[in-house]
Amino acid sequence: MRGTEESPLVRWLLIAIALGFCFVFLLLPLANVFVQALAKGWGYCAKALADPDSLAAIRLTLLVAAISVPLNVLFGLAAAWAIAKFEFPAKTLLITLIDLPFSISPVVAGLMFVVLFGLQGFLGPWLEAHDLKIIFAVPGIVLACVFVTFPFVARELIPVMQATGSEQEQAALTLGANGWQTFWHVTLPSVKWGLLYGIILCNARAMGEFGAVSVVSGHITGKTDTMPLRVEKLYNEYDAPAAFALASLLVLLALLTLAIKILMEWRQGRREV
Amino acid sequence: MLPGMADKKFNALPGFGLTIGFTLFYLSAIVLVPLAALVCRAFGLSWADFWRLATTPRALAAYRLTFETSLLAAVANALFGSLLAWVLVRYQFPGRRLIDAVVDFPFALPTAVAGLTLASLFAANGWLGRYLVPLGIKGAFTPLGVVIALTFVGLPFAVRTLEPVLLNLEREVEEVAATLGAGRLRTFVSVIAPALLPAVLTGFALAFARAIGEYGSIVFISGNLPFKTEIAPFLIVMRLEEYDYAGAIALAVVLLAFSFLLLVGINLLEQWAGRFQRQT
């Protein structure tokens, strides 16, 4: 019988191409951020991060994530409960609609909110009359981030909840628990890892969103610049080391996101054994 | 009886009204109403105006660049992504787990940072640019740069779509092929490749769809020269900065229509892939 394995030569060639590709496309860009951030030394890097406008950008980014992530978590839990535990017509359509923000360009997403809330938009005159500002202000940035990260938590939770079924919840209810008790003590613990990953992914994307936020923010230094927008501004002002210093914080966030994902997969793997 | 049927008949779980109500409200407020507002505004334009704004020579050049670079990047992703998925699932080698984890890096990394670091890598004085630029390979401020950034952004889609399919592929079929005298290459071409095709195509389509709308990473690496390295989403931002709302909306509607077509295509592909999996 002939083998079901490739010859060692082919195998090592394929591994070498894959490793080379990963090295050039993934590891080099990652290392480059830190090296460029320290191009003018640690002192310059620290000074760039302590700059009041950069600190304001970091604060705004944290604020935006602190509002948009909980909103999408609440939505994700509600949507997953309805979709995974019940049967109803047009369920597939609903799931497709939840995924919709994935297929809309972030720039187009930002434009939607400009059309709705901008000065020439549908609600613009009303908002101006009541002295409310959404576009070129924090609420617009939050809306843009909520839109872009809309599907993340729901997407992680729906398959997990569907896989666990609803027998355990039925049992809890039969034993006299009420709906909220069942949710807190039965459903939530069984989906906690999926929920955690959904949250950190949603958070990473909310903090890192560029296109949609760029359209609605107005780029007011110290006021409506989030971290990615501040990175762009520093880069355009030819202060690359400062841009990379701020960018390295976002890279650390991405690495933390990956670390939690690996931890989660490791925990799940161990439970299954 | 199917297990699902029992659930349907005796579902005593509470909260359906509350959760579906909130889901529909939130979906409408965040996604559907803003989308409707944009489409409404587009219908406010006369057909002649819309056509004129959506088909300016600069817009046509931008669509073309967006389409071509996205297509090339998606092809690169399908090739390298499939290779990567194959190597990660089938072979054992030092660093395998690290590579498997790093594949998701582009998904977690803010796109602006991706563009920033790629532009600096491929610039004339960058780590890669200093060797490539003398050879005539300019990766920064060229259409090639756009392809590079889009390949980076789309990679996880291609790998992660194919990985589970490869894991579930039954090795027995390959053994049968080998027993019947097929060489490894023949087995791959006539047994393995057809089974992987739907997943590879789905990954290709997902990476393509992601690339069409991508903005953050391109801004840094492309140089954004009109008619040369300007992508469609960038032109929308330009029109907005000129307060040309009608122009921005017309371009956005073209981009949206294309995204929806792709979405339909991806759904059909996934259905086909699902049927394929059940049959084998």
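# A guided look at two chains

Visitor: Which share of the contacts in chain A between residues at least 6 apart in sequence joins residues at least 24 apart?
Guide: That share is 75%. Two residues count as being in contact if their C-beta atoms, placed from the backbone, lie within 7 Å.

Visitor: How do you know where to trust the model?
Guide: This is a predicted model, in which local features need pLDDT of at least 70 and side-chain atom pairs count only at pLDDT 80 or more, while totals for chains, interfaces and linings use all residues. Residues are numbered from 1 along each chain as its sequence is written, chains are lettered from A and ligands numbered from 1 in the order in which they are written. Chain B averages 90, and 94% of its residues score at least 70. Over residues 1–9 of chain B, however, pLDDT stays under 50. The model scores ipTM 0.91 and pTM 0.92.

Visitor: How many helices and strands are in chain A?
Guide: Chain A has 14 helices and zero strands. Both are DSSP runs, numbered from the N terminus: helices are H or I with at least four residues, strands are E with at least two.

Visitor: What makes a residue of chain A buried, and what percentage is buried?
Guide: Buried means that 20 or more other C-beta atoms lie within 10 Å of the residue's own; 12 or fewer make it exposed, and in between it is partly exposed, with C-beta atoms placed from the backbone. Of the 273 residues in chain A, 44% are buried.

Visitor: What makes the crossing of α4(B) and α11(B) right-handed or left-handed?
Guide: A crossing is left-handed if the near helix is turned anticlockwise from the far one by less than a right angle, and right-handed if clockwise. α4(B) passes α11(B) in a right-handed crossing. The two helices, residues 57–90 and 184–213, pack at an angle of about 145 degrees with axes 8 Å apart. Axes are lines fitted to C-alpha atoms, for helices over the stretch in contact, and angles run from 0 to 180 degrees between N-to-C directions.

Visitor: Which classes of residue does the contact of α4(B) with α11(B) have?
Guide: There are ten nonpolar, six polar and no charged residues. Ala, Val, Leu, Ile, Met, Phe, Trp, Tyr, Cys and Pro count as nonpolar, Asp, Glu, Lys and Arg as charged, and the others, Gly among them, as polar.

Technical notes: pLDDT = per-residue confidence, 0-100.
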